[in-house]
Amino acid sequence: MTVGEFLTVLLIGLIAGWLAGVVMKGRGFGIMADIVLGIVGAVIGGFLFSQFGVSAYGFVGRLAIAVVGTIVLVGIAHLLGGRSIEAKR
């Protein structure tokens, strides 16, 4: 993986995590959590999309897959946690 590819992965993770935070509770989770959630969400989204035979290309396509996966990840975390992240603060 080149430096450029690594930075692209981090950027997609950051944006996807922030967007999922906005959709799920109104704001992001913090820069590091957004990146981690976005990267893990991208893996989940890639798996889900491949199961349905859907593929996406380019930055926007990869970002869309990452956002969907991250929203699924955050939704599952909220269900398993029983309370919202806001209530735990």
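Visitor: How many helices and strands does the protein have, and in what order do the elements run?

Guide: The model is predicted, and the secondary structure is assigned from it. The count comes to four helices and zero strands. Read from the N terminus, the order is α-α-α-α.

Visitor: How is the span of a helix read, for example in α2?

Guide: The distance from the first C-alpha to the last is set against the span expected at 1.5 Å a residue. Helix α2 covers residues 31–51, which is 21 residues, and reaches 30 Å, close to the expected 30 Å. Helix α1 (residues 3–25) has 23 residues and reaches 32 Å, close to the 33 Å expected. For α3 (58–81), with 24 residues, the reach is 34 Å and the expected value is also 34 Å.

Visitor: What follows α2?

Guide: Helix α2 is followed by G53, and the phi of G53 is positive, near 75°.

Visitor: Which residues of α2 are buried, and where on the helix do they lie?

Guide: Buried means under 20% relative accessible area. In α2 this applies to D34, I35, G38, G41 and G45. Seen down the axis of α2, these buried residues fall within an arc of 135°, so they line one face of the helix. The face turned away from that buried side carries exposed residues, namely M32, V43 and Q51.

Visitor: What covers the buried residues of α2?

Guide: The cover includes α1 and α3. Both of these helices have buried residues as well. In α1 they are I12, G13, A16, G17, A20, G21 and K25. In α3 they are G61, L63, I65, A66, V67, G69, T70, V74, G75 and H78.

Visitor: Is T70 buried or exposed, and what is T70 in contact with?

Guide: T70 belongs to helix α3. Its relative accessibility is 0%, so T70 counts as buried. With neighbours within four places in sequence left aside, the contacts of T70 are A16, G17, A20, L37, G38, G41 and A42.

Visitor: How does I39 compare, and which residues is I39 in contact with?

Guide: I39 is a residue of helix α2. I39 has a relative accessible area of 30%, so it is classed as partly exposed. Beyond its neighbours within four places in sequence, I39 is in contact with V9, L10 and G13. The C-alpha atoms of I39 and L14 are separated by 8.0 Å, and the two residues are 25 residues apart along the chain.

Visitor: Where do other pairs stand in sequence and in space, such as V68 with G41 and V23 with V74?

Guide: Each pair has a separation along the chain and a C-alpha to C-alpha distance. V68 and G41 are 27 residues apart in sequence and 7.3 Å apart in space. V68 lies in α3 and, at a relative accessible area of 34%, is partly exposed. V23 and V74 are 51 residues apart in sequence and 10.0 Å apart in space. V23 is found in α1 and counts as exposed, because its relative accessibility is 55% and the cut-off is over 50%. V74 is among the buried residues of α3.

Visitor: What share of the contacts in the protein is between residues 24 or more positions apart?

Guide: Such pairs account for 67% of the contacts with a separation of 6 or more.

Visitor: Which residues form a nonpolar patch on the surface?

Guide: The patch is formed by M1, V3, F6 and L7, which together have about 470 Å² of accessible area. L7 is found in helix α1.

Notes:
Residues numbered from 1 in each chain as written. Predicted model: local features only at pLDDT ≥ 70, side-chain atom pairs only at ≥ 80, totals over all residues. Heavy atoms only, no water. Patch = residues over 30% accessible without salt bridge, like charges linked within 9 Å, V, L, I, M, F, W, Y side chains within 5 Å. Areas by Shrake-Rupley, 256 points an atom, 1.4 Å probe, with all protein chains shown as cover. Salt bridge = Lys/Arg side-chain N within 4 Å of Asp/Glu carboxyl O. Helix = DSSP H or I, 4+ residues; strand = E, 2+ residues; numbered from the N terminus. Expected span 1.5 Å × (residues − 1). Buried < 20%, exposed > 50% of the residue type's maximum accessible area, 1.4 Å probe, protein only. Arc of directions from axis to C-beta. Contact = heavy atoms within 4.5 Å.
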